[in-house]
Amino acid sequence: MTHTPKKTSHAFTLIETVIVIGIGTIMFIILSALIYNFHKTSEYQQTILQSSGSASAIVKEVEALTLPASAVLQTHIFSDATRTSTTTTLVLEIPSIDSSGNIVPNAYDYAAFYTTGTEAYRLLETHAASHRTPGRKKLSSTVSSLTFSYNNTDVTQTSIVTVDARMQAQAKQELIYDHRQQQIRLRNH
Amino acid sequence: MRLSRGFSLIEVTITIFVVGVLLLLFQAVLQTSVLVRTTKSQGIALTIVRNELELLRAGGYAAVPPSGSFSNSLLSSIPSATTTLTVSDYNSSTKQVTAKVIWTETGAPTLSTVSLSTLITQTGGL
């Protein structure tokens, strides 16, 4: 019986097979755990960013329209509904501006901030001479509460509005919270 | 006789490459989570300092407090945050106010800071 080492093609032994299967299984488990965690973490991070971004967006939008506002209105009739300033709705009267930023005399834009379920909206209706872009804009879809407080019991006399936005978003099993609060003084009051 | 040869160069290279890519991915995930948390804290810190400046501007020149710190209910949502308020005389009728929030983000090597500054005049302005 001749035996040439080079041409030997023996089958795998049992121990070799067991080791290969073992290593394969461990690697598969590690890889799938890694991919699962990667996916979970990235979703978690995305939700944090979305939630904190929309919290900032709400505060920024409210600030952008409250600063130039001349008054908080008790009620105003918008095209879709009559809106009343309460702790959850803010109705503003803002002097209209032209394209160069100058106030148009006796012309006003009207803005409302309100929530529907977990969604926060900004509604803006403008005067024909106004340069602002009218429309309804969704600011966030993860709101748990959006409240406004006024420094005067008579809302029409309000000169300082405090906006308080709380977000709650879910990423798989984890809940993510975000809370912002800011005081804004009506510059044209 | 058993043929026992080692791994070939190409096998070792591929293994090192695969392990390296996995480690890189893992490290990228860790780094992003620090970045994401810093971004969130930055947003909150910005709200805090804006609110403080808004308060001081609304209060007027006479009510501007001396340098020190300030408080805000949102500070607890930023890890180990401290605040400083610096008030200096810009000229005889104007004060310069700087509000700053400093915090240490978990996992970040350095301190993070958000700072805003404004002028408050004795008459006019807001």
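Predicted model: local features only at pLDDT ≥ 70, side-chain atom pairs only at ≥ 80, totals over all residues.

Modeller: Chain B is more spread out than a compact globule, because its radius of gyration is 26 Å, well over the 14 Å that the globule rule gives for 126 residues. Its C-alpha trace spans about 100 × 25 × 20 Å along the principal axes. Of the 126 residues in chain B, 33% count as buried.

On to charges: chain B carries 8 positive and 5 negative side chains, and the centres of the two sets sit 9 Å apart. Over all chains, the structure holds 10 salt bridges. One of them pairs R50(B) with E63(A), with 2.3 Å between the closest N and O atoms. R50(B) sits in helix α1 (residues 9-59) of chain B and E63(A) in helix α1 (residues 14-66) of chain A, so this pair joins two chains. R50(B) is partly exposed at 31% relative accessible area, whereas E63(A) is buried at 9%.

Within chain A, R132(A) bridges to D109(A), the closest N and O atoms being 2.8 Å apart. R132(A) is in the loop between β6 (119-125) and β7 (135-140) and D109(A) is in strand β5 (residues 103-116), so the pair ties together parts that are 23 residues apart in sequence. Both ends are tucked away: R132(A) is buried at 16% relative accessible area, and D109(A) is buried at 0%.

Key. Residues numbered from 1 in each chain as written. Chains lettered and ligands numbered in written order. Heavy atoms only, no water. Rg over C-alpha atoms; globule rule 2.2 N^0.38 Å. Buried < 20%, exposed > 50% of the residue type's maximum accessible area, 1.4 Å probe, protein only. Lys, Arg positive; Asp, Glu negative; His and termini not counted. Charge placed at Lys NZ, Arg CZ, Asp CG, Glu CD. Salt bridge = Lys/Arg side-chain N within 4 Å of Asp/Glu carboxyl O. Helix = DSSP H or I, 4+ residues; strand = E, 2+ residues; numbered from the N terminus.
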